[in-house]
Amino acid sequence: MSTEPYIVLSAILFTIGCVGVLTRRNAIVVFMCVELMLNASNLALVTFAKANGNLEGQVGAFFVMVVAAAEVVVGLAIIMTIFRTRRSASVDDASLLKY
Amino acid sequence: MTAFWILAPIMVAAALGILFVRKAVHAALLLAVVMISLAVLYAALDAPFLFAVQIIVYTGAILMLFLFVLMLVGVDASDSVVETIRGQRLLATVVGLLFGLVLVVGISQVTFGTVVGLDKANEGGNVPQLANLLFSKYVFAFETTSALLITAAIGAMVLAHRERLTPKEGQAAQAARRVREYADTGRHLGPLPPPGVFARHNAVDTPALLPDGTASEASVSRVLAARGTVRSAPAMADDIDEVQRQLGQGGAARPAVDEDEEGAQ
Amino acid sequence: MSVLPMLAPLAAEGAEHVPVVDPSSADGVFTLMWVVIALPLAGAAILLLGGRLTDAWGHLLGCLTVVGSFAISLAMFVSLIGRADDDRQVSQHLYDWISVGGFKVGADLLYDPLSALFLLLITGVGGLIHIYSIGYMAHDERRRRFFGYLNLFVAAMLVLVLAENYLLLFLGWEGVGLASYLLIGFWQYKPSAAAAAKKAFVINRVGDMGMSLAIMLIFVTFGTISFTGVSEAAGGAKESTLTAIGLLLLLGACGKSAQVPLQAWLLDAMEGPTPVSALIHAATMVTAGVYLIVRSNFIFDRAPDAQTAVIAVAVVTLLWGAIIGTSKDDIKKVLAGSTMSQIGYMMLGAGLGIAGYAFAIFHLLNHGFFKANMFLGAGSVMHAMDDDVDMRHYGALSKMLPITFLTFLMGYLAIIGFPGFSGFWSKDKIIETAFVDSVWIGILATIGAGITGFYMTRLMLMTFFTQKRWEEHVHPHESPKVMTFPLIVLAALSVLGGIMLLNDWIVDFLAPVVGTPVHHETEVPPIVITLIILAVVAAGVATAWFTIGRSEVPRVAPTQVSVFTRAARNDLYGDAINDTLVVRPGTHVVHGLTTFDKSVVDGAVMGQASATGGLAQVFRRWQNGFVRSYALSLLGGAILVVLALLVVNLG
C-alpha cells in the first residue's frame, strides 16, 4: 500500500476547506470549513503514523480533536453572541474594526 | 485501498458540496459525510481508537453542536448569493487552486519510502498502546488539554450568558404595557390569530382569513413563511371562486381581495 | 620637577630664568584662604536668596563680607612678607572638583605675591566702593540686590585670582562676566542698559571661546591644566604650540580687558551704575586679561611671537582708547576710553616679558586706585548734577564740590603722570621698558601719554573750571560722608602708590612669580626719557588748556567738526567695523541657514512625515475589516511559505 494518495487527498480536502473559508459568508459554514481543514490535517497525521510505524501521529490527531472540540465550543458561543447583538451570522457584517 | 478509492471521490464531492450549497444545514450534513468517511479511513489506517473518537466526538458531538447553533440562529439565515467584497471570490478561487496545486506538486515530488505499518506498534491493542503514550510521554500535554476544555466550557458559558439589565417584567406590568401600546400605536391587544381552518383544508401553514376576507399574515409562523411552505391565500383563490361558483352565488367582492393579497405576497 | 634639569639650559640660554610654580601647602593664617572667597559668596547668597527680608540691612552685610575678606587678605599678606623669598607660594586643596579618567581638576587655591596684590586690590578697593555705594545707591529701591550682585562679583573675581588651575580660573572668569552682565544691566528698564549688558556678554563670549580653546589646547599639550604642572612642563613644549596657546589666551584677555578688536563693549558698559564702572570696568575685572597674561608668563616667555602680538594689541588699544577719550562729552565715557588706554599700557608691560610684568602689575594697582577714585568722583559729580553725564552741562564745580574736586585732582595728576604721583612711576617705567624693546613702541606709548594729558585736562577743565553751564533746576551739593570717605582714601592711595617702587620692592616681590628681570640699559639715560615723556604730557595739557580752557565751551556739541573728531566720537567706528565684519555677514549666514533649515531640513522631515501619512492613507484602505480578505492574504503567505520550503528542501 502506498501513502501518497492519502496525503494528496488530505491536501485536496485542506485546499477545499481554505477556499470555503474564503468564499462562504455564513459564519457557521466558515467554521465548518475550518473543521474540514483540521480533519484534513488529521488524515495526514494518521497516515504518517502508519507510514512511520509509531503511534505519535495518532496521538497528535487525538490532541487536534480535543483542541478542535474546545475551539468549536468557544467559537460557536462567539457566533451566538454576535448573532444576538447584530441579528446576522455573516462574517462580512462584523467589519467595524477597520480604518 | 479499496475503501480509499471508494471513499475518496465521495469525500471530495461532499467537500466541494460544502462550498456550493446555499443552506447551512445542507453544509452540515455534507460535512458529516466527510467526517464519517474519514472515520472509515482511520480504521483502514490501523487507528481503531481514532475511528471511534471521530464518530463520537466529531460527528456526534461537534456536528450536533453546529446543528443546535443553526437552529438557534435560524434556518432561514441562508447565504445571499451576492459577493460583498469585490474580487474576493475570484481571487479566493485562484489563490486556493494555486495553493492546492503547489501542495500536490510538492507532495508528488517527495518520495515517501516504504510503509512500516503499525502491526508492531499496535501489539497488544491500539487503545492500550495509545494509552501508554498518552499517560507517559504526553501526560503533561494531556493534563493541559483538560484545563483547556474546562476553560473552553466556562468561556462558552460566559459568552452565552446574557446579563439582565432591567427587572423582569411581571404580568401586571405586561398587561399595562400592552394597553399602553394599543393606545399609542394601535397594536392588537389580544393573542395572535390562529392559522386558518377551512372546510377542505385544515393546516398550520394556511393563513386565517380576516372578516373582510383578506389573509392574516400574523396567523402563520414566521419560520414557515421564511421557508416558503405557507399556502398563500392567492393559491386558494381559485378554490374559493370555484366554491362560490358551485354555490351559485355571484362573488362580486372576491377578485378585489385576491389582488390585494397578490400585492402583499 | 623632573622637567627642571631640562629647563635649566633653556633658562640659561634665555638669560632670564622663567620661574616654576611650586607652592607649599597652606598652614597658619593661609588655611583661611577659602574664607576670602566664601565670605562674599555667602553674602551674595544671603542677599539674593533672602529677598526682601534682607532689604533693611543688606547693604551693611554686603560691605561687611568684603571688609572681612580684606582683613584676612591683609593678614595673609603680612604673613607672606614674613616668609623667605623662595617660600612665598602657598596652595590649598579644597576638594576634587572634576575627575574623569586622566582629566583631574581639583578646587585648588594658589596664594603667591601676584595673588596677594590682587587680593588686596579687589577686597580693598572693592570694600571702599561697597561703602561708597551705600550712599550712591541710597535712593534705589533695589539697593539690596545691587549689593548681592557686587558681592557675587567680588567672590568670582577672588576665585579668578586665587585659582590654581586654568579651569577654576575660567570659573571665576565666567563668574565675573555674569556679574558684569547683571550689573551693567542693573537698570534693565532702560533699553540702552539692557542692550549694553547684552553687548558686553556677547563680546565676552568671543574672548571666552579663545580662553576655553586655550585651556583645551593646554590640556592636550601638557596633560594637566594646573599652573604647577604647566609651568613645569612648558619648557618641553614646541614653540609653535606655545604660540598658539598664547594667542588664544590673548584673545580671551582681549575680550575681558576690552582690547582691540574686542573693545566695543566697554564704552557701552558705562550704562551701569557708577560704582560698577569703578569696580568692575576700571579697577578689577577689566584687568583680568593682564592678570591672565602675567599669570601665564611661563607660556608667554617661551612664545616670543605671542608676546609680539600682545604688544601690538596693547599699542593699538592704548592709542585707540586715548583718541576716543579726546572727543567724548559723557564724563564716564571719557573715563572708559581712558581705562581702555591705561589697560593698553598694562598689556604693553605684560607683553614686554619678564622686564615688564612687574611694572604692568604696578601700573595695574595704581590704575586701580586712581581710576576707581576718578570714577567714584565722577559718580559724585553726577550725584550733584542730578545724574547728568554730559560734561558740557558742568563747569565751575570746583567750588561747589571741594572734596570731590580735590580727590579728583589727585587722580588726575596720577593718571597724567605728574612727577611724584603714582601714575608717574608706573607709566614711566613701562614706557622706559618699551624703549628698551623698540624705539617705535616707546614713541607710540609716549604719544599715548601726551594724548592722555590732553583728554584728562579737557575733562578737568570742562567739569571743574570754565564757566557754569548747568541745567536750570540743578543745585550742586557735596556728597555725603559715606561717599567722600572712599574718595579720600583712594586719593591718598593715588598719590602714594609710587611707594611700592621704593627700592624696587614690587619687582623683587613679584620675582618668585614672574622672574627676575635682567637690567638693560637704554641708549639714552632713563632720566632723558622721563623728561621727554614729561614734555609730551605737558604739551598735551597745554593744548587742552589753550583749546578749551581759554575759550567758551558750547553747551551743545558742535556738529561742524573735523573728520578725526567725528571718528573719535563714534568710537573710531568700532561698532561699524564690528557690524560690517561680523554682525552683517553673521546675519546673512543665519538667514541662509534658517532658509536652508526651513526649506531643506524641515522640508525633508515634514516631507517624510507627510509621505508616511500619505502612504498610510493608501495602506489603511487594505484594513477593510473583512475577515475573509485577511484570510486571503494569510493564504497567500502560506503559499509563499510552502514554496520556500519546497525550494529549500527540494531545490
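1. The UniProt annotation "transmembrane region", from an unreviewed entry, covers residues 6–22, 29–49 and 61–83 of chain A. Such positions are given in the numbering used here, feature names are shortened, and annotations may be inferred rather than shown by experiment. The model is predicted: local features need pLDDT of at least 70, side-chain atom pairs count only at pLDDT 80 or more, and totals for chains, interfaces and linings use all residues. Residues are numbered from 1 along each chain as its sequence is written, chains are lettered from A and ligands numbered from 1 in the order in which they are written, and side-chain values use heavy atoms, with hydrogens and water left out.

2. In chain A, residues 29–49 are 100% helix and 0% strand, with end C-alpha atoms 30 Å apart. Residues 61–83 are likewise 100% helix and 0% strand, and there the end C-alpha atoms lie 32 Å apart. Helices are DSSP runs (H or I, at least four residues), strands likewise (E, at least two), numbered from the N terminus.

3. C:H281 sits in helix 11 (residues 274–283) of chain C. C:H281 has a relative accessible area of 0% and is therefore buried (under 20%; exposed is over 50%, partly exposed in between; 1.4 Å probe, protein chains only). Beyond neighbours within four places in sequence, the contacts of C:H281 include C:W265, C:M270, C:T339 and C:F375 (contact: heavy atoms within 4.5 Å).

4. By class, how many residues of each kind line the largest cavity? Seven are nonpolar, two polar and two charged. Ala, Val, Leu, Ile, Met, Phe, Trp, Tyr, Cys and Pro count as nonpolar, Asp, Glu, Lys and Arg as charged, and the others, Gly among them, as polar. A cavity is a set of points on a 1 Å grid over the protein atoms alone where a 1.4 Å probe fits but cannot get out, and lining residues have an atom within 4 Å of a point.
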